[in-house]
2 protein chains.
Amino acid sequence: MAAPTEALEALIRKLVSTSALTEEERQAIRRLPATIRHINPSQDLVEDGERPSHCGLLVEGWSYRYKLLDEGRRQILSFHVAGDTPDLQSLHLGTLDHGVGALTPCTFALIPHEHLRRLTAAFPNVAALLWRETLVDAGIFRTWITSMGRRLAYGRIAHLFCELYLRQEAVGLAADLRCPMPLRQTDLADATGLTTVHISRVLKALRDDNLITFERRQLVVHDWQRLYDAAEFDPTYLHLHSFTR
Amino acid sequence: MAAPTEALEALIRKLVSTSALTEEERQAIRRLPATIRHINPSQDLVEDGERPSHCGLLVEGWSYRYKLLDEGRRQILSFHVAGDTPDLQSLHLGTLDHGVGALTPCTFALIPHEHLRRLTAAFPNVAALLWRETLVDAGIFRTWITSMGRRLAYGRIAHLFCELYLRQEAVGLAADLRCPMPLRQTDLADATGLTTVHISRVLKALRDDNLITFERRQLVVHDWQRLYDAAEFDPTYLHLHSFTR
DNA sequence: CGCCCATTTGAAAAATTTCAAACGTAGTGG
DNA sequence: CCACTACGTTTGAAATTTTTCAAATGGGCG
C-alpha cells in the first residue's frame, strides 16, 4: 500500500459506496496528482491556524482533529481511519480552525486544492460526494455534542466505542465485534471531555459489566446489545448505506 | 419582508459576502422557486428522521437544531438567525439526524432539493458557496464540542454569548454590544449541556461580574474584553470575513 | 386578580476532578 | 539477563462542579 494511485482507488471505492461514478469521473479522480506523506504520532499533518494548499486523504493509520486551550487542555474533535479526509474543509474555508494529528504512524495522500477545485468544477457529481463526506462529518460532530451534553461518562464512552466499531466495519477494517482501538486513555479523555482518571474508572465498570474488553490494542465487544443500550445508540447519523447490525 | 424573492436576495447577499457571484449566477438563484412557510415556537420545520424534499432558508426569527434522548433529555446543536439554512445538509444526506424547531415565530423560504441540485450542477461556484455554508456550520459544531468538553459552565455560557453576538453582528442584526437574545434558560441549558438551575446561577455570576445584562430579551455586553477572556474566545472558527472586533 | 411560566434560591446528593502515590509493562543499555 | 527508565494505567481520598429536589419569587397577560 502507499502508492498514490492506490490511495485514489480507495477514495473512488469510498465515494462509490454512496452513488455511482461514471468512467469519466473515475478517470478524472485517478488523474489527481497525489503525493504521499508519512506522519508519526506527535507530529501534525496540519496545525491550527494554517492555510493548507492540499487536502490529506488518510491511507493508513489513525489520525484525529483537535483544538488546544490554555493550561494544556486539549479537545479531540474526531477520530479518523483509512479513507477519511480530515482537512477536506480547508478546500473552502481557507484557515483551519483545528489541528490534525497522528495517533498511530499515518500515511496520507496529499492532493492539491487547485486540482480538487478543478475536479469539482468539472464534475458536479464528484463535488456532491465530497461535499457529502463533510456533511457526514458534521453529523458526527452533532452526535458528539449530544453525547457530551446529555450522556454520563459511561454512556459517552460506550457511544464512542459503538461509533468507532461501526465506522471501521463499514470500510472493512472491523468484523466479529472486534476492531483496532489504538487510543490511549488520554485520548479517550480528551475526546469525551473527561479526565484520564475517570476514564480509567469507567472502563473498569464497562469491563466489570462484561460489555467490552481490550486485547492488544483491539476493542472486543462482548455484548453488543447492552453496549448499544448503554450508549442509547442510533446509527442514523453515520449515514452508512448497507446497515445491518 | 417575506416575499420569496426578498428571501433569495438575502441569500445572494450572504453568499456574496464570501465570494463574488456573476450576474448569471444571481439570475439563476433568483429563479429558484421558493415558497414561504411560517413556523411558531413549539412547531418544527422538520423532524428528526425525516427525508425532506426542500431546504429551508431562514428569513426571519430564530430557529435551532436539536436531538432528543430518553426521559425528556434534549440537546440543542445550533442556533440560527436570518440567512441561515439549518437543513441544507439534507440535500446530500437524505435522512435528517436531528430536528429543526422554532425559538421565535419564524419565516422560512422553502427551496426544493431538485432545483438546488440543478443550480449547483450548473454553477460550481454557487455549489462551493453553499458547501462552504455547511462547512462553517461544522466549524461551529467543533467549537461547541470544545466548549462542552473543556470549559466550565461560566466560560461555556460566555462563549455562546460571544458567538451569538458576533454572528448577528456579521449579518447586521447586532451592533453596539447589544443584540437580540430570545433564548430561555431552558434553551441555554440544553445548548450547553447544563441544567436550568445551574444556568440561572451562572448567569447571576456573569451579571454580578458586570460582564453582561439582559434588557427585554436583548443581551447587553458591558465588558467585551472580559467576556471574551472568560470564554477564551477565538473567532477564527466563524470564518467571518471582515473581522473587526 | 389570578394564572402560567420562567427564574431564583437553598440544601443535599451525585458525578467528576484533583492530587498523590502505586503499579505494570515495554523498551534500552549495561 | 537485569536494572533502569518512561509511560500509561489503576487506586484512594478529598475537593469541586454540577445536579437534583423542592419551594419561593417574579413578571406578563387574559
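Begin by selecting Thr195(A): an N or O atom of its side chain lies 3.0 Å from a phosphate oxygen of DNA strand C, a polar contact (a pair of N or O atoms within 3.5 Å). The model is predicted, so local features need pLDDT of at least 70 and side-chain atom pairs pLDDT 80 or more, while totals for chains, interfaces and linings use all residues. Residues are numbered from 1 along each chain as its sequence is written, chains are lettered from A and ligands numbered from 1 in the order written, and side-chain values use heavy atoms, without hydrogens and water.

Next, select His198(A), where a polar side-chain atom is 3.3 Å from a phosphate oxygen of DNA strand C. In chain B, the side chain of Arg207(B) places an N or O atom 2.9 Å from a phosphate oxygen of DNA strand C.

Now display helix α8 (196-208) in chain A and in chain B; these elements each give two or more residues to the surface near DNA strand C (near: a heavy atom within 4 Å; helices: DSSP runs of H or I, at least four residues; strands: E, at least two). The greatest contribution, five residues, comes from α8(B).

Finally, move to the open sheet of chain B, whose three antiparallel strands run in the order β8-β10-β9 (pairing requires at least two DSSP bridges). Its edge strands are β8 (178-180) and β9 (212-215) of chain B. Select β9(B) with β10 (residues 218-221) of chain B to view four antiparallel bridges; there, Thr213(B) stands opposite Val220(B).

Note on methods:
Polar contact = N/O pair within 3.5 Å; in protein donor to acceptor, adjacent residues only side chain to side chain.
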